Amino acid sequence: MGLYITSLASGSNGNCYYIGNEQEAVLVDAGISCRETEGRMRRLGLSMEKVKAIFISHEHSDHIKGLPVLAKKYQIPVYITPATLQNLRFGLDYRLVRSFQAYEGVQIGDLTVTGFPKFHDAADPHSFIVSGNGINVGVFTDIGSPCDHVIKQFQVCHAAFLETNYDEDMLERGRYPYYLKARIKGNHGHLSNRQALNLFTGYKPQFMSHVLLGHLSKDNNCPNLVKELFTTHADGTQVVVASRYEETPVYVIDGAPIVYSPAPVASPMQTKKKVQQLSLELF
């Protein structure tokens, strides 16, 4: 039995990702309103009753603004690190709050959700692997540069939500002030098309069936550009560009089971040297 995935929203105006099986599901982030979340799931034939947990990657508003209403209305447990919880600008019902630690899997029915650290300008940012019956789906967004944590987890994924936030030339020529451009391009900002493609071509496993490209900048990227760039190097992986305005279709992720055994990288220091060493003749 495979996993069902969809991007309900992906962009600076809101992020929310659904991963589930026949019995239960989880949301990674809740960055759109409760009403929008319900409506988009309804159009896809998905039930909120199956959502058994919400996992929060970090405290930025485009990842949490729908959280308090959604969690309260459906009494959904919220998995969040203590540092991220401390930096929320609103309260949560303490009875719904659950803590998680990096590389310690959380069991949600037949799903296992494992968080791991990443580079981003937040208090305690994490990405996630959601596993079920040997099928692994990764959520890799809001990442300044691909560190060893990200690289290692990417290699076990049958499918991945992968950030392609900006085209470097478009950002450089764009209207953003210098400080904002520097923040986006910095080691704790967002992944460019080039960085994401280097990760994809350098570390994509042969069994990765789908990549959903997300968190595209409205001003500094182009969906058609990203789709063409990744499709050229897809090597059998279906390329989907997730929208900032609407949900994607539901995709069924299946394949040969790959046992995911979470373990921290050898060094506690996050590095980006591996991806920097990749040499592509694309640019």
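User: How many disulfides does the structure hold?

Analyst: This is a predicted model, in which local features need pLDDT of at least 70 and side-chain atom pairs count only at pLDDT 80 or more, whereas totals for chains, interfaces and linings use all residues. Residues are numbered from 1 along each chain as its sequence is written, and side-chain values use heavy atoms, with hydrogens and water left out. With a disulfide taken as a pair of cysteine sulfur atoms within 2.5 Å, the number of disulfides in the structure is 0.

User: Which cysteine sulfur is nearest to that of Cys147, and how far away is it?

Analyst: Cys147 takes part in no disulfide. Its nearest cysteine sulfur lies 14 Å away and belongs to Cys157.

User: Is Cys147 buried or exposed?

Analyst: Relative accessible area decides this, with a 1.4 Å probe and protein chains only: under 20% is buried, over 50% is exposed, and anything in between is partly exposed. Cys222, at 29%, therefore counts as partly exposed. Cys147 has a relative accessibility of 0%, so this residue counts as buried.

User: What percentage of the residues in the protein chain is buried?

Analyst: The protein chain has 283 residues. Applying the cut-off to this chain, the buried share is 57%.

User: What percentage of the contacts in the protein chain with a separation of 6 or more comes from residues 24 or more positions apart?

Analyst: A contact means heavy atoms within 4.5 Å. Among contacts with a separation of 6 or more, the share from residues 24 or more positions apart is 68%.
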